[in-house]
Amino acid sequence: TSGSGFTILQLNDVYKLEGLEAGRVGGLARVRAWRRRVEAEGKPVLMLHAGDFLFPSVMSKYLLGEPMIDGLNRMDGDADFDPNLLVVFGNHEFDFADPGLLLGRFAQSDFTWLATTLRYRSGGEGAPAPLTTRLPNVVPARLLDLGGIRVGLLGLTLDYETRPWLDYGFSPGERKAAVRSAIDGLLKAGAEFLVAVTHQGLDQDCEFARDFPELRLVVGGHEHVGLLERQGATWISKADADARTLVRIDVLRESGGTIAVRHTPVVLDSTVAPDPVQDAITQNWLATLGKTVKDRTGRDLAAVVATTEHAREGIEPVIRTRESALGTFLAAVLRD
């Protein structure tokens, strides 16, 4: 019916549960606050995370991804399964080499993982089987009815982290065939709005959109910077890493039946008050981290080691693209 629709909240590449700049920017407590705000508008809210959150961080080094699973499990305000939170595997989900620990983290998740092509090789030997056969909350595709619109979702991960027990999805030809099969299955089941949740480079997302023009949205990650591109009729969006921003995507059926899409970046800075319940979860994990580091190393995370006269330029666009004060300092430490 005219006026029906729903809202997507997009995240990707969120490594720090507590946010950045001493908690003044980002953080899952601000994400939760925004979800509550949008849910209060009355339309269904679908939260999509386009990969990379279990690793790497100081917290994940010591606590092995459990805090982020706990934080996302509470993103709907309770500890029950959240049918409106779906995530895709990022390459950093596989940083930890032990598949037993990772399978355990996936099983702890009270939300859905999308894995259209990922396969698992038990014991690192033999023929791989779809990862979806190992865990009930990992699915190749999902069909949801949101505000009167039947939404089909699938998920893709780039083949970045090599593991003997992991297969990212066949040869390129087989990968396309698997995606084609998933899309055809969703369309046959009545999907009228197709969304791919991906963790891969923008060039791969553009190629993906060209290969499968039925897609209306590619909700992507991996770049760490906010992007909005269009490939044919397909929109490709990415949020800034560590929840500096999230992307609000309003999907609305107009009079005449056309489904319209509107993207709005949302800055999660100090003007957004953190959700108190989610913030309490974050503070508890920070305390656990501090105790764990103290027990293992004897160091106090809150202790000031030194103060620099000038900024160290630790922001990602700098350290990944040119010489920086931080890079020069670390090189000097290694040399000494």
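# Reading a predicted model

Modeller: Leu 215 is buried, with a relative accessible area of 0%. Leu 215 belongs to strand 12, which covers residues 215–221. Keep in mind that this is a predicted model.

Colleague: How far apart are Leu 215 and Asp 52, in sequence and in space?

Modeller: They are separated by 163 residues in sequence, and their C-alpha atoms lie 23 Å apart.

Colleague: What decides whether a residue is called buried or exposed?

Modeller: The relative accessible area decides: under 20% is buried, over 50% is exposed, and values in between are partly exposed. Val 333 has 46% relative accessibility and therefore counts as partly exposed. Val 333 sits in helix 9, residues 325–335. Together with Phe 329 and Leu 330, Val 333 makes up a nonpolar patch on the surface, and the accessible area of the three is about 270 Å².

Colleague: Why do residues three or four places apart in an α-helix point the same way?

Modeller: An α-helix has 3.6 residues a turn, so residues at that spacing point the same way. Helix 6 is a case to look at; it spans residues 202–211, and its buried residues are Leu 202, Asp 205, Cys 206, Phe 208 and Ala 209. Viewed down the axis of helix 6, these buried residues fall within an arc of 160 degrees, so they line one face of the helix.

Colleague: Which residues are exposed on the other side of helix 6?

Modeller: Asp 203 and Arg 210 are exposed there.

Colleague: How many aromatic pairs does the structure hold, and how is one read?

Modeller: There are 13 aromatic pairs. To read one, take the distance between ring centres and the angle between planes; an angle over 60 degrees counts as edge-to-face. Phe 94 and Trp 165 are an edge-to-face pair, with 6.1 Å from centre to centre and 65 degrees between the planes.

Colleague: Which parts of the chain does the pair of Phe 94 and Trp 165 tie together?

Modeller: Phe 94 is in the loop between strand 3 (85–88) and helix 4 (99–108), while Trp 165 is in the loop between strand 9 (149–157) and strand 10 (166–167), so the pair ties together parts that are 71 residues apart in sequence. Phe 94 counts as buried because its relative accessibility is 1%. Trp 165 is buried too, at a relative accessible area of 7%. Another edge-to-face pair is formed by Phe 208 and Phe 212, at 5.3 Å centre to centre and 65 degrees between the planes. Phe 208 and Phe 212 are both buried.

Colleague: Which residues form one aromatic cluster?

Modeller: The members are Phe 53, Phe 89, Phe 94, Phe 106, Phe 111, Trp 113, Tyr 120, Trp 165 and Tyr 168.

Colleague: What does the hairpin of strand 13 and strand 14 look like?

Modeller: Strand 13 (residues 227–231) pairs with strand 14 (residues 234–238) in the antiparallel sense over five bridges. Gln 231 has Thr 234 in strand 14 as its bridge partner. Two residues stand between the strands of this hairpin, and Gly 232 takes a positive phi near 65 degrees.

Conventions:
Residues are numbered from 1 along each chain as its sequence is written. This is a predicted model: local features need pLDDT of at least 70, side-chain atom pairs count only at pLDDT 80 or more; totals for chains, interfaces and linings use all residues. Side-chain values use heavy atoms; hydrogens and water are left out. Patches are made of residues with over 30% relative accessible area and no salt bridge: like charges are joined within 9 Å, nonpolar side chains (Val, Leu, Ile, Met, Phe, Trp, Tyr) within 5 Å. Accessible areas come from the Shrake-Rupley method with a 1.4 Å probe; for residues, only the protein chains shown count as cover. A salt bridge is a side-chain nitrogen of Lys or Arg within 4 Å of a carboxyl oxygen of Asp or Glu. Helices (H or I, at least four residues) and strands (E, at least two) are DSSP runs, numbered from the N terminus. Buried means under 20% relative accessible area, exposed over 50%, partly exposed in between (1.4 Å probe, protein chains only). The arc is that of the directions from the helix axis to the C-beta atoms. Rings of Phe, Tyr and Trp (its six-membered ring) pair if their centres lie within 6.5 Å; planes under 30 degrees apart count as stacked, over 60 as edge-to-face and the rest as tilted. Two strands pair if DSSP finds at least two bridges between them.
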